[in-house]
Number of protein chains: 2
Amino acid sequence: MKLQVAIDLLSTADALTLLNKVAQHVDVIELGTPLIKQQGLSVVTNVKAAHPGKLVFADMKTMDTGELEADLAFKAGADIMTVLASAADSTIAGAVKAGKMHGKAVVADMIGVSDKAARLRELKGLGVTWVELHGGLDEQAQARYSFENLLEVGRSAGMPFSVAGGINIDRIAGVESAGATIAVAGAAIYGAKDPGAAAKALREKIKQLG
Amino acid sequence: MKLQVAIDLLSTADALTLLNKVAQHVDVIELGTPLIKQQGLSVVTNVKAAHPGKLVFADMKTMDTGELEADLAFKAGADIMTVLASAADSTIAGAVKAGKMHGKAVVADMIGVSDKAARLRELKGLGVTWVELHGGLDEQAQARYSFENLLEVGRSAGMPFSVAGGINIDRIAGVESAGATIAVAGAAIYGAKDPGAAAKALREKIKQLG
């Protein structure tokens with residue numbers, strides 16, 4: 001299982017400072033949607049230039065103009081971009097088309113999809129590289145939020161998936177045993193007192209599991 | 001009925017050049033999602049500085065972190081921002097909270113919502129300023145796309161709404177008679193040979209209708 005750090009900061013400088021501490025411990029660097037909207041796609045270009053050996057994940061959360069937005073993300077240097085699973089099939093197909101042209105990955109973000117099993121069946125035919133089972137930050141703040149439900153969907157997904165939505169050192173073993181190919185940690189790393197130590201601890205825990 | 005121009009260009013310079021020709025004929029200037037992702041929110045700040053007398057609409061299409069993304073858009077100078085109607089209720093409520101704090105408008109973009117009548121009933125309780133009945137660019141490219149369906153939803157919306165999704169000089173009368181408070185024109189203006197003349201013609205047609 002790979003480790004992805006989601007960076008929900010708001011400036012390129014802060015993202016680069018954080019990455020100086022944590023990049024060595026992760027496989028995938030995710031630049032969050034608010035960061036991209038605030039800074040523009042130049043943040044992707046700058047992070048990829050600073051960490052060319054890492055996979056850079058642009059969390060575009062594309063809802064329309066799939067081919068165009070994927071093309072912009074890949075041209076900026078992203079290795080992976082996200083399209084919303086709740087977008088029209090034609091939007092997802094457009095993003096996948098751009099992904100094939102660039103030889104890069106397109107991930108369908110399942111945030112906000114209510115009937116996840118039904119949408120997963122449809123997504124298999126649309127050619128996305130994997131799906132992200134994702135409890136959003138707003139969703140996590142709700143009392144009824146269930147991390148376990150994400151893992152439940154993953155166990156029967158029948159296609160490669162990542163998990164995001166409150167992963168920390170206590171939850172990482174469950175994510176691995178559910179069969180995820182990537183675990184996404186955000187606040188557990190960027191919000192830690194010592195982000196480098198937090199990323200390293202997650203990485204070592206994953207190694208023990210493997 | 002107000003006229004909104006949606007700018008789906010990719011550079012701040014191109015947006016400003018277009019606006020020199022069309023701003024005088026419109027009430028609301030919309031900066032499209034791909035433009036914001038490409039340039040960052042500085043495009044909102046630059047356009048508002050160039051056209052302080054116009055309402056600037058940041059098409060954020062927010063799916064998570066509603067309060068944060070709305071706050072970023074308003075701080076950048078937007079008068080109006082969009083949250084996806086398909087986002088979690090807590091995301092929409094967060095955006096509305098930021099809107100109230102700034103005294104600005106939050107619009108729920110209905111793109112991709114399948115049961116529009118049911119979602120409209122829920123949106124009324126969430127405090128959005130209006131809803132945008134929106135056929136996306138990818139959706140418009142599909143053979144089964146129906147502009148008339150958007151107007152049908154509008155007629156029974158029971159709350160203020162705008163319409164976007166292929167509005168041109170031939171469709172504008174239908175939009176007005178359906179009861180829309182704002183008509184959004186994109187390609188009919190920015191894709192026209194003479195964008196200034198196209199915007200002016202739409203404005204004059206609306207005046208005749210009124």
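## Ground rules

Residues count from 1 along each chain as written, while chains are lettered from A and ligands numbered from 1 in written order. In this predicted model, local features need pLDDT of at least 70 and side-chain atom pairs count only at pLDDT 80 or more, whereas totals for chains, interfaces and linings use all residues.

## The barrel of chain A

Let's start with the fold: 8 strands of chain A, in the order S1-S2-S3-S4-S5-S6-S7-S8, form a closed barrel with parallel pairing. Strands are DSSP runs of E with at least two residues, helices are runs of H or I with at least four, and both are numbered from the N terminus. Two strands pair if DSSP finds at least two bridges between them.

S5 (residues 105–109) and S6 (residues 130–134) of chain A are joined in the parallel sense by 3 bridges. Across this pair, Ala108(A) faces Val131(A) of S6(A).

## Where the chains meet

Chain A and chain B each bring 32 residues to their contact, with residues in contact if their C-beta atoms, placed from the backbone, lie within 7 Å. On the chain A side, H2(A) gives the largest share, 6 residues.

## Two positive phi angles

Thr65(A), not a glycine, has a positive phi of about 45° and sits in the loop between S3 and H4 of chain A. Thr65(A) counts as buried because it has 21 C-beta neighbours inside 10 Å; the cut-offs within 10 Å are 20 or more other C-beta atoms, placed from the backbone, for buried, 12 or fewer for exposed, and partly exposed in between.

In chain B, Lys61(B) has a positive phi near 45° and belongs to strand S3 (residues 55–62). Lys61(B) is buried, with 28 C-beta neighbours inside 10 Å.

Definitions and conventions. Contact = placed C-beta atoms within 7 Å.
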